[in-house]
Amino acid sequence: MNYEAIFAKQEGRTVRAALVGAGNFGTSLIGQAKHTALLDIPVVCDLEINRAREIFLTAGYAADDIEVARSASVATRALEAGKRVVLEEAGLISDLAVDIVVEATGNPEVAATVGLVALESGKHLAMVTKEADSVIGPELFRRAQRHGLVSTPVDGDQPSLLIGLLSWAHLLGLEVVSAGKSSEYDFIYDGIHGTLSWRGETITAPNFADLWLMPHLKVQETVEARSEMLRGFPQRTVPDLCEMGVVCNHTELLPDNPVFHAPHARTLEVPEILRPRSEGGILSSSGTIDVFNCLRRTDEQSFAGGVYIVVRCHDKETWNLLSEKGIPVSRNGEYGLLYNPSHLLGVEAPVSLLSACVLGYGTGSSNVSHRVDLVARATRDWKVGQQLVITDQHHHEVAGLEPLLMTAAPATAENPLPYYMAVGLTLVRAVSAGTVITRSMVEEPEDSTLWRLRDEMDARD
């Protein structure tokens, strides 16, 4: 698409946004927005005031142009004077003259509250916090529609980018067999030294050379052998399933395995592996969403966190030509891989903000429904009184809980409880390994916006 042409007729209009959450995503967004002609983000809100100020300073704004405001009136005067505004209280945004609120805290409870404040004050919502989106995304979408507003995921994160790739494929009439993303960090093979590395950790794997090339037959066996050799590394993370759960609620895709297959695959092998089992792959059917762990050499292009689709090659002559141009195609010529190997965080997020405010639609689907839930299964025994505390701040996951992507169900007493409704709560029942966490197992919070919105969504479903 010609993006300049799409947004050209704005007659000098500038979209104004407020950012909540001054983390890595927010830092990259503020830095890029300064160079995006149609977008201005003059408001940053974070509980850590200094961190919010720093995000503006890092982007090149002068210290004298930044004002900390503890009331809506002070913030409004500062905005009218052309200053950058730092807030500690996100609720103040409801009274400010901004078009859209970008929620990027990574905290599902805060995200639910901020999302509700934005929509109820007549502002569009860009939901970066996938942890909340996986629980109440369809409800936020419904509320936005009711008010004539937009609630959207954002480009720069995998859900929006994959939804965009899928919409492009559907427009062209490509038949999507499977889709998904690669895990966030590549598995890097050093054939000279016989080692494999992941996030700076290295193991010796002298026999991995035998598994480097995928044979014409025994695809499943090779995938399993690779997984076994790399069992010391994490092969699935909560964010992977969380992000793909959001995509499921925006599309027709579903997992055929609640923990995904997550094969270790070189990029050129993806159309060979992530195709139906009846055709030599590992999937039970078409229309499947999954994650693969990118396996590459040190001198090969990264696929870390990229998104992909595998399509059926109906026109063999065309796809033979494309394979000669470097497009990965399965050896039987039936399946091809199309992909975007990178996600650029806030650098490309302005596209979603402008789409919502200028065009009136987001970069997610136009029909969001509750199709799957990200839930948690115990991988060890838990005692009464223990708390489900996040132990990995980077991945927002709890040690001792395994993520599952299951068919959607109301979060009632004995039904599976969404992962990010359970996090941080105390167990009121003992939970044995292998048991899925249900609502009756935790002490319910007394005043939770996330829980309230989820209950309202379930009541309508």
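## Basis

In this predicted model, local features need pLDDT of at least 70 and side-chain atom pairs count only at pLDDT 80 or more, while totals for chains, interfaces and linings use all residues. Residues are numbered from 1 along each chain as its sequence is written, and side-chain values use heavy atoms, with hydrogens and water left out.

Helices (H or I, at least four residues) and strands (E, at least two) are DSSP runs, numbered from the N terminus.

## Ala-179 in strand β8

Strand β8 spans residues 176-182 and contains Ala-179. Ala-179 counts as buried because its relative accessibility is 0%; buried means under 20% relative accessible area, with a 1.4 Å probe and protein chains only.

Beyond its neighbours within four places in sequence, Ala-179 is in contact with Leu-162, Leu-166, Leu-253, Thr-288, Ile-289, Asp-290, Tyr-308 and Ile-309 (contact: heavy atoms within 4.5 Å). Ile-309 is 130 residues away along the chain, yet its C-alpha atom is 4.2 Å from that of Ala-179.

## Strands β3 and β4

Strands β3 (residues 66-69) and β4 (residues 84-87) run parallel and are joined by four bridges; pairing requires at least two DSSP bridges between two strands. Ile-66 is opposite Arg-84 of β4.

## Helix α9

Helix α9 (residues 219-229) has Val-219, Thr-222, Val-223 and Arg-226 buried. Viewed down the axis of α9, the buried residues fall within an arc of 100 degrees, so they line one face of the helix; the arc is taken over directions from the helix axis to the C-beta atoms. Their cover includes α8 (209-212), β12 (264-265), α11 (270-273) and β13 (288-297).

Notes. Buried < 20%, exposed > 50% of the residue type's maximum accessible area, 1.4 Å probe, protein only.
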